[in-house]
Amino acid sequence: MPGNFLPEFELYVSLAVARLGDGAYGVAVRQEIESRVERPVSVGALYTTMARLEEKGLLLSKPVEPEPGQRGRPRKYYHLTERGQEAVRHSLEMLGRMAEGLSLADLGRV
């Protein structure tokens with residue numbers, strides 16, 4: 001499936017959405033990425049990326065009305081579409097092929 005590679009941050013976002021399942025909304029996705037990748041994620045970059053993944057047909061969002069007494073805007077919950085799942089599988093498979101047989105020592109060579 002040529003051309004179906006996810007850039008690094010899109011892959012992180014997609015994997016976080018997959019891990020979180022029904023609980024995948026912006027703040028949770030951000031926390032999942034930050035805790036696993038151990039780097040800060042800007043809110044702007046996250047929401048821009050999620051919007052781009054939606055435009056590509058890889059993510060779908062569903063706004064949910066706030067609970068009574070809850071303040072702020074409604075949360076949008078995200079899930080991977082079938083195309084999104086396939087793009088993640090494909091990207092991970094290609095990364096695995098490229099890494100196959102390498103050791104950390106191989107990566108230290110210049």
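I took a helix to be a DSSP run of at least four residues, numbered from the N terminus. The model I looked at is predicted.

Entry 1, a pair in helix 4. I found Glu86 and Arg89 in helix 4, three residues apart, which is about one turn of the helix. Their side chains meet in a salt bridge, 3.1 Å from N to O. I noted Glu86 as partly exposed at 31% relative accessible area, and Arg89 as partly exposed at 47%.

I read a total of seven salt bridges in the structure. One of them joins the side chains of Lys56 and Glu10, at 2.8 Å from N to O. Lys56 is in the loop between helix 3 and strand 1 while Glu10 is in helix 1, so the pair ties together parts 46 residues apart in sequence. Glu10 is buried, with a relative accessible area of 3%, whereas Lys56 is partly exposed at 33%.

I looked up Glu32, which sits in helix 2 (residues 26-37). Arg36 forms a salt bridge with Glu32, with the closest N and O atoms 2.5 Å apart. Arg36 is exposed at 51%, but Glu32 is buried at 16%. Leaving out residues up to four places away in sequence, I found Glu32 touching Ala16, Arg19 and Leu20.

I found that the axes of helix 1 (residues 8-20) and helix 4 (residues 82-99) come within 10 Å and cross at roughly 120°. That makes helix 1 oblique to helix 4. Leu11, Ser14 and Leu15 of helix 1 make the contact with Val88, Ser91, Leu92 and Leu95 of helix 4. I sorted these contact residues into five nonpolar, two polar and no charged.

Note on methods
Residues are numbered from 1 along each chain as its sequence is written. This is a predicted model: local features need pLDDT of at least 70, side-chain atom pairs count only at pLDDT 80 or more; totals for chains, interfaces and linings use all residues. Side-chain values use heavy atoms; hydrogens and water are left out. Axes are lines fitted to C-alpha atoms, for helices over the stretch in contact, and angles run from 0 to 180 degrees between N-to-C directions. Helices (H or I, at least four residues) and strands (E, at least two) are DSSP runs, numbered from the N terminus. Angles under 35 degrees count as roughly parallel, over 145 as roughly antiparallel, 65 to 115 as roughly perpendicular and the rest as oblique. Contact means heavy atoms within 4.5 Å. Ala, Val, Leu, Ile, Met, Phe, Trp, Tyr, Cys and Pro count as nonpolar, Asp, Glu, Lys and Arg as charged, and the others, Gly among them, as polar. A salt bridge is a side-chain nitrogen of Lys or Arg within 4 Å of a carboxyl oxygen of Asp or Glu. Buried means under 20% relative accessible area, exposed over 50%, partly exposed in between (1.4 Å probe, protein chains only).
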